[in-house]
Amino acid sequence: MNRLGLGRESELPFLVTEDGARRKTIGGLRTAIARYWRSMPRLLRSILTILLIVAIVFVGSTLTSSSSPIVAPISADLEAQAHINNGNEIMHQKVEAAQEEELREKEGAVVAEPAAAAEEKQQQPNEIKQDGRPVFRGPQNDRQRAVVAGFKHAWAGYKAHAWGHDQLKPISKSFSDWFDTGLTIVDSIDTAIIMGLKEEVDEATVWIRDSLSFEKDRYVNFFEATIRVLGGLLSAFHLTGDTMFRDRAADVGHRLAGAFQGGRPVPLSDVNLRTRAAKSPSWSDESSLSEVTTVQLEFRDLSRITGDKTFEELAFNTSKHIHEIGCAKHGGLCDMYVNAKTGAFKPGTTITFGARADSYYEYLLKQYLQTGKTIEWLLADYSQSMSSMSQLLLRESEPSKFRFVGELIGGDSFSPKMDHLVCFLSGTLVLGKLYAGQPDDHLQIAKDLGATCHEMYKTTTGLAPEIAHFNLDASKADDVIIKPLDSHCLLRPEAIEAWFYLYRGTGDKKYQEWGWAAFEAIDKYARIAGGGYSSVNNVKTTKVQYRDLMESFLLAETFKYLYLLLADDQSELPLDRWIFNTEGHPLPIRTN
Ligand SMILES: *[C@@H]1O[C@H](CO)[C@@H](O)[C@H](O)[C@H]1NC(C)=O
């Protein structure tokens, strides 16, 4: 793995003491010496620091008239800091370290800033730092505080009964393992960071640093592990600057890259974390379209932060391949399975914006934005598929004319079925209108879909079902039909995600009201007294039956988007600087 931060060589290192005070020093320290530093007694360190400062002042004053640099190059960067830091201090120190470093960059590095001025800067709300690393100031109002309390309740249940395992089973007070990588921790640490939850962030950081192991002889779903585990670690790195997260991301990234076998452009669906062997599901060689085309944001970001281009190339080759074979039959709308061996689409499958296809479209636009709008065919494919979506799949229900996105069964027979998952499309359309010059009617469709998703929440519990069917018969009374097998609710994020984008795009406070109502329903019907929240079986009855599982995306996405949606001030994580992966993990936008 490449060591980063070499560009910081001309900067001052600084040392962090236990009480959090920072002292700057200069001189020819090398990384090895920095490592020994922490092992010295504190008194000795203090004396040495004072001596150094005196020496610096002396040398500085004798050289003031000279044009030669006062400060010798230093190679101790954030990574060295990571190695000399210890215990719970790490997160606090890293955040401060990053902030301080950036302040120095702004100040021109040499002159030490008065502590008061530095403090004032750190307290400025929502200040966006030079390298894009934001400062989070915590909840601003009672609704946000309630969401934070919800997150803490979920975290407490997970911590009490499932710590280190993938997901909490809140009813049986036990856990389930899927990847066996502490999934809830890695998937939700960035939400805790954004909410300003220092204690939870510290616990998660220590666990990821000391206890997380990817040396697991088990096959994991390549896509799910990429968006949740890799995505979570990448965001934690970007939001804190702690290189431990980058190193963990690179570790799992190398393993996940095993899904790309034998130079073929389409990855296999499952990969073994220890052996890096890959396989398809036992029944076929088919990979889901959405799965193989929804790893590119993460692999590109991993390439950017490690300097190893291979990740991006492997993943982007899949996008290029899909672009080249194209989906002309339905004007850019694609079949839902791609054969990993032949690279061909399985013809005649259902055309949908729901499961197995959804985030292919999302990542066309998001990759275009992530790369600074430099790869035009991504936008062209997105644009074309959106216009085909509105021609082929966008319909109105009866009698209330709710616009929804249905499916083409077998590629030709329209079905008025819409997964809750499809609500993501509303948010993506807002993003395309705001930041990629897409036409005005995209915003209108987004608003209409966002409102339809809200209709899906008008149930007895105020929770939305997994799937809704829409009535096309003008003689019938109900627009939305919830079938028994579709009536469960996993506390998914997509509608809240859509309202978040719509609120950013329009400023219309009804979106905050809708989000708040959804949170109240979650807190009323899905909250479990002993800690955590549970998916429910049937949104149509207040005699709730629980499914005894708290999905990691409740913390990673649902609570994160709620928190962001309900902020008074929407300047945190601006959408022209950050792109959220399909699991709600923010990654920086860059031009490359
Ligand atoms: C990506 O595809 C190109 C063209 O087919 C190929 O030359 C290259 O080796 C592939 N990259 C990786 C990392 O597999």
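Me: At which residues does UniProt place the feature "active site"?

Reply: UniProt positions are given here in the numbering used for this model, with feature names shortened, and annotations may be inferred rather than shown by experiment. In this case the unreviewed entry places "active site" at E224, D358, E466 and E494. The structure is a predicted model, in which local features need pLDDT of at least 70, side-chain atom pairs count only at pLDDT 80 or more, and totals for chains, interfaces and linings use all residues. Residues are numbered from 1 along each chain as its sequence is written.

Me: In which helix does D358 lie, and why does D358 count as buried?

Reply: Helices (H or I, at least four residues) and strands (E, at least two) are DSSP runs, numbered from the N terminus. D358 belongs to helix α14, residues 358-370. A residue is buried if 20 or more other C-beta atoms lie within 10 Å of its own, exposed if 12 or fewer, and partly exposed in between, with C-beta atoms placed from the backbone. D358 counts as buried because 25 other C-beta atoms are within 10 Å.

Me: Where is E494 placed, and which residues is E494 in contact with?

Reply: Two residues are in contact if their C-beta atoms, placed from the backbone, lie within 7 Å. E494 is in helix α18, residues 494-506, and is buried, with 24 C-beta neighbours inside 10 Å. Leaving aside neighbours within four places in sequence, E494 contacts H420, L421, C423 and F424.

Me: Which residues are around the ligand?

Reply: A residue is near a molecule or strand if its C-beta atom, placed from the backbone, lies within 6 Å of it. Around the ligand are G263, T310, E313, L314 and N317.

Me: What is the order of the strands in the open sheet of three strands?

Reply: Two strands pair if DSSP finds at least two bridges between them. Here the order is β14-β15-β16, with antiparallel pairing. The edge strands, each pairing on one side only, are β14 (417-419) and β16 (480-481). Three bridges link β14 and β15, and D419 stands opposite I467 in β15. Two bridges join β15 (residues 467-470) to β16, where V480 is the bridge partner of F470.

Me: Which residues touch the most other members of the largest nonpolar core?

Reply: A nonpolar core is a set of buried Ala, Val, Leu, Ile, Met, Phe, Trp, Tyr and Cys residues joined through C-beta atoms within 7 Å. The largest has 146 residues, and L233, A495, W499 and L565 touch the most other members. Helix α9 (residues 222-240) gives the most to this core, with eleven residues. Leaving aside neighbours within four places in sequence, L565 is in contact with residues including I496, W499, F500 and Y503.

Me: How many helices and strands does the protein have?

Reply: The secondary structure comes to 20 helices and 18 strands. Of the 592 residues, 48% count as buried.
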